[in-house]
Amino acid sequence: MTSIDPSAPLAPTDDPVRGLGNESQWQLTWRKFVRHRLGVAGGIVVLLIYVVALIPEFLAPVTLEAYNPRYTLAPPQPFALGVQVEGDWQFRPHVKGYEAVIDYNSGRRIFTISDEEIIDIGLFVRGEPYRLLGLIESDLRLFGPLNAGDPFYLFGADRLGRDNFSRTIYGTRISMTIGLVGVAISLVLGILIGGISGLFGGLVDNLIQRNIEFIQSVPSIPLWIGLAAAIPANIPPLQVYFLITVILSILGWTSLARVVRGRFLAMRSEDFVKAARLDGCGPVRVIFRHMLPSFVSHIIAVVTLAIPGMILAETALSYLGIGLRTPIVSWGVLLQEAQNVRTIASAPWLLLPGAAVVISVLSLNFLGDGLRDAADPYDD
Amino acid sequence: MTSSDTLLDISDLSIDFTTRNGPVRVVDGLTLSLPRGKTVCLVGESGCGKSVTAKSILRVLDLQAKITSGTIRLGDSDITALHLDSPELRAVRGGKIGMIHQEPMSFLSPLYTVGNQIIEALQLHRKIDAKTARAAAIDMLRQVGMPEPETRVDRYVFELSGGQRQRAMIAMALICQPRLLIADEPTTALDVTTQANILDLLRRLQAEQGMAVLFITHDLGVVEEIADEVAVMYLGRIVEQGPAAEVLANPKHPYTRGLLASMPRLDGDFNRPLRAIPGMVPAPANRPSGCPFRTRCDIARAGICDTHVPEAVTVGTDHSAACHALGEFASQFALPATALQPAAVATNVSTAKALPLLRVERLTKVFPIRKGFLERTVGHVRAVSEVSFTIARGETLGLVGESGCGKSTLARTLVGLHRADGGTITFEAEDGPIDIHTAKGAIARTLRRDMRMVFQDPTGSLNPRMRVRDIIGEVLEVNTTMSRAEIYTRVEALLGEVGLSPDYATRYPHAFSGGQRQRIAIARALASNPRLVIADEAVSALDVSVQTQIINLMKRLQENLGLTYLFVSHDLGVIANVSDRVAVMYAGRIVEMGATEAIFHTPCHPYTEALLAAIPGKGRRMNPSLRIEGHAPSGGATERGCAFAVRCRYASTQCRSSVPVLRPTGSGQVVACHRADDLSLASPVRAA
Amino acid sequence: MLSFVIRRTFYAIPALIAVSFISFMVIALPPGDFVDRLAQERAALGDTMTATEIQSLRAAYGLDRPVLTQYWTWISGIVLRGDFGYSFSWNLPVSEVIWPRIGLTVVLSVASLLFIWVVAIPIGIYSAVRRYSVGDYVFTFIGFLGLAIPNFLLALAVMYVAFTVFGQHVGGLFSPQYVEAPWSWGKVMDLFAHLWLPMIVLGTAGTANVIRVIRANLIDEVRKPYVTAARAKGMVETRLLLKYPVRHALNPFVSSQNDIFVDIISGGTIVAIVMGLQTTGPLLLDALRTQDMNMAASFILMLSVLVVLGTLLSDLVLGWLDPRIRYQQG
């Protein structure tokens, strides 16, 4: 080693640490979830739907009960942002008015959309006073006809001339919360029973599992119909609401219980749980510090995927007339209007609350799928 | 060698993986030729691209892998040029080249009988009717040493034992008499005695059929046992290749030298300190520039190793290595000190007279077998049966045995993960002996601090949802009155002690490699200043270089902190290296126990003898009659006769009727064998 | 294998007993009975029944006895004599009403199941093999949609389209002239002509489910080591796909048929009500509304029996398909 530059020895380097390693489980889960685009899209829609459920009074142009017999079964009015004035486009949000002709054969009004009459739509118009979230008194509405009292039926009108759009918005509150409440009850049952099954094992576990298998093999809808039909006709609507959620949860807890049990069983044999026992952690600390945090994310995903089933079931029961009843309005109750083909053929817009069901179920499913995929951020 | 001797010629092969962050090169310009009728071993740690190379020869790579350049020539045809769905390629697969894998359980379908799958392999390449094919399959099973091939042919893979499964897979690969057999870690998942049998079988079949074998392994002992030639792979490249005897005796590349130095050896001084390669194999995405090994190399030079990719240099007959220290820059590398000086580890003091720390007497653990809806108990497995031993202060007791012998159950019963069904465990705490069974309250807390455990799987044993400092500090949080700040200070000190930066305290386990995680697990075990640490296969899941790092760390800690170890392992080399005394377990009982030297040099139990004879790398020098057939019983300890009698060549009628008890022998150990006095057993392990 | 079959069949018996008990209790326990309902209706018409009249009517129907006695009378009649009791509102033995309805329910359910298989299996395999292709995305999206649309809404939509586009009133399983007619070749053909619409409506959600199950499992299976091993033997890809991954994916598919069948029976109730099919659904709803106890309980019981039989069948098929299950449990 003479002429060339004195090559310094390269010291062996320490093991590199991957990334910063400072991300907690939730940060990792979030990162993985964000990569699931459908899941994120579903999540945003679900969020919006729950906002609607929270403040329908502000978002709906008219109140739930507002009706106008002049516009029974009026079709939806097309909405436009502007008008053509002498070839120029002008910003002027509006809907078209109606022209009504009485059909003397059927005795019904036949509506056509008028080309001349323009009903201007504005933001933050005043309407009936209400209490937002039960607290804030207000009479502001997000949007509505500038000239109060003009017909404004984005989703058409029902047979009493009520605004289908406003009613669908109000229905959001009941339909979306019944899923949440139902799942909450199922969750309590599921965690309790699944936890007992998974923690005790043995004969208890076996008994509970056979029962769950049995319940899952009972055809749910006939049983639901049977239970729902048994609710007396004369009890208050709010009680009906809770009874229906209880009925839906009676069969709904089983899948949650299975997940909880499966996780507890898997956790019991995890080395880090054994290590925690050797560290001297008591059963309570082992369960709440080591086991539960490991599968909370899985439970959130399963819960999200269980909500759509509840919504669908409530809609079906209410549609059959044995679920919720007026004055409580859910999407299923609204769909009762579309009881036979003839009605639907003459007023197909009565099926529009069904679209709300499909959109919410779809986005909850997307969200749930995304959450399920992200629930275990360590497996890749 | 001349080209007519070459069967398969891989030239400049590169394979990329498609990942979310773009392509990553996993095999980088690999050149390797396989001579006819010989065994070539491809050696390296995990993540070096060995399996990918093997799969590329048959073009059965996973979807994300793409061959980007190079040729694989078999005779006149280039396999890389064949269309994936061409008859030519199918004729190669299974016909000209057969392949066996590590895990027969997952490489054979559980839905078809093994016979079905073997016959299918035959009928894909030969026009042959079902009856003849079946006869051929049975014949093949007989050739691979399957007992009762006529009935086994109709069995499903899950009905066979581990060794039988591997034999079935070998039969499937060889039924068409291929010219080349690719064996991808075929013995890694097997017990050492079964591994020895399978290696014998492969060697015999190779000689009989005159085929070439490409044998992929991470175990240099297996290389020594079976290889004619060896190619050492690191990060997708061959760094050294040549005749096996030459490469193993006279390694040139620092990586090969490092691998050999870090492997526990049984010739010479067992306890000789091992020299570990620092660090770990980097992920292919972080391939270092220049020589890929430079980040772990103790002779690497800046300006050369980090800028120039080394070319293979001929260093002997058919022996080449790719290292700058051997090539044109050789003059710039000061010769590394010939005697590599590891951290001095004190030779283990004689512990025979030391005070006992743990006394185990007639310990029994029985698992009930439950069945049916009511969970009725229909039988028992005596996983641990009347085991007695003591561990003295400051010593390391090695507990060795094959899978299912009860060694892990024993370890777990000692720390209290299982409740013993009989016997006593007494721990000599500072203020007097503690009976582990009856310990409660403050005494139980003392015990939990004094006796700690390190698990096998460093990924599973750390809660991924907790920060490192909370994982390590939990034992202090639960059992002491230390404040959070005090605990964190202690955790940082512990991290330093196990060779990690104190900055790592706030990170989560997922940021660390396997070796680093095991260091964290050791720090957790040490947090409460324990006196006894039970290591249950603590280094078995690690690559050889990392394994050595952990072994050295544990030895250093033992010396510094005066620890006592119970070291459980199935790896005889590791056991020999770390232990002062060794206990050999078989079917729930200790069959032999004594000083390490005595056990390895003068075994007194036929099972110990068979275990030692099965250590790979020794087989060629051994009498093959020392091999044992069959597998350890799964039902735990027997209550009539010696459990080993059915596999023991020396068994007498007495062995089948009464259970032997441990008693002292002339050479200083205790042994449970009726014939211990009249047998003179051989050890393949000779003193230096 | 035989012992496996016997054991599985034996397991079904407690399930059936439990189902019968629950079916009956769901109807019998809630307050009010058929006679109350009748009295209310009469009262609404201005014809108030006296307490004695009500009492004697109850006694005639056997509603004055304890619930358990009523259950025992009902279930022992079914088991021993095939007698499902008397329908109060139809004034007929329940069995005369129930059997034709059950028969049509089975026909519709099996047709829907076949529809699901025929459509979903090829699509599932295609989606898994051509993963992330345009076709896969399209089918996946349709699948999601199929799961999100409630059965009855789909039925309404289909009927609406048929009515407005084809001017045809679709509903029921028969043309009017065949409804009361005895079975004939013409009636069978008429049934098939009407069956396809409810079959599709009922099969949509199941199809979406099966596509998802097959796709997910097949994607897992094609990555398994035994596929690599089979490929390394020199198998042709299509044959390899069918012999190994598809065959392996068949097991989770078969076990998922259980839930699918439950959903078909379950959802069939609502679809039948909406589409006016001559199956169990509409009568069950009527019976529940009028608290016609024997009728309602018998319907729920028979639907559950169908499900239990379906479960048994799929368990047996699974045992036949998977040697691991045979050997571990039988």
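I am working with a predicted model, where local features need pLDDT of at least 70, side-chain atom pairs count only at pLDDT 80 or more, and totals for chains, interfaces and linings use all residues. Residues are numbered from 1 along each chain as its sequence is written, chains are lettered from A and ligands numbered from 1 in the order in which they are written, and side-chain values use heavy atoms, with hydrogens and water left out.

I started with C48(B), which is buried at a relative accessible area of 1%. Buried means under 20% relative accessible area, exposed over 50%, and partly exposed in between (1.4 Å probe, protein chains only). Next I looked for disulfides, a disulfide being a pair of cysteine sulfur atoms within 2.5 Å. The count over all chains is zero. For C48(B), the nearest cysteine sulfur belongs to C291(B), 12 Å away. For C655(B), the nearest is that of C673(B), at 5.9 Å. C655(B) is buried too, with a relative accessible area of 6%.

**Patch.** Which residues make the nonpolar surface patch of about 450 Å²? I found L192(A), I196(A), L199(A), F200(A) and V204(A). Patch residues have over 30% relative accessible area and no salt bridge; like charges are joined within 9 Å, nonpolar side chains (Val, Leu, Ile, Met, Phe, Trp, Tyr) within 5 Å. A salt bridge is a side-chain nitrogen of Lys or Arg within 4 Å of a carboxyl oxygen of Asp or Glu. Areas are Shrake-Rupley values with a 1.4 Å probe. Helix α4 (residues 164-200) of chain A gives the most to the patch, with four residues. Helices (H or I, at least four residues) and strands (E, at least two) are DSSP runs, numbered from the N terminus. L199(A) lies in helix α4 of chain A. L199(A) is partly exposed, at a relative accessible area of 30%.

**Sheet.** In chain B I traced an open sheet of eight strands, ordered β6-β7-β8-β3-β9-β10-β12-β11, with mixed pairing. Two strands pair if DSSP finds at least two bridges between them. The edge strands, β6 (97-100) and β11 (313-316) of chain B, each pair on one side only. Strands β3 (residues 39-43) and β8 (residues 212-217) of chain B run parallel, joined by five bridges. I noted one partner: L42(B) bridges to I216(B) in β8(B).

**Backbone.** F124(A) is not a glycine, yet has a positive phi of about 50°. F124(A) sits in strand β3 (residues 108-132) of chain A. F124(A) is partly exposed, at 47% relative accessibility. Y132(C), also a residue other than glycine, has a positive phi near 65°. I placed Y132(C) in the loop between α5 (94-129) and α6 (134-148) of chain C.
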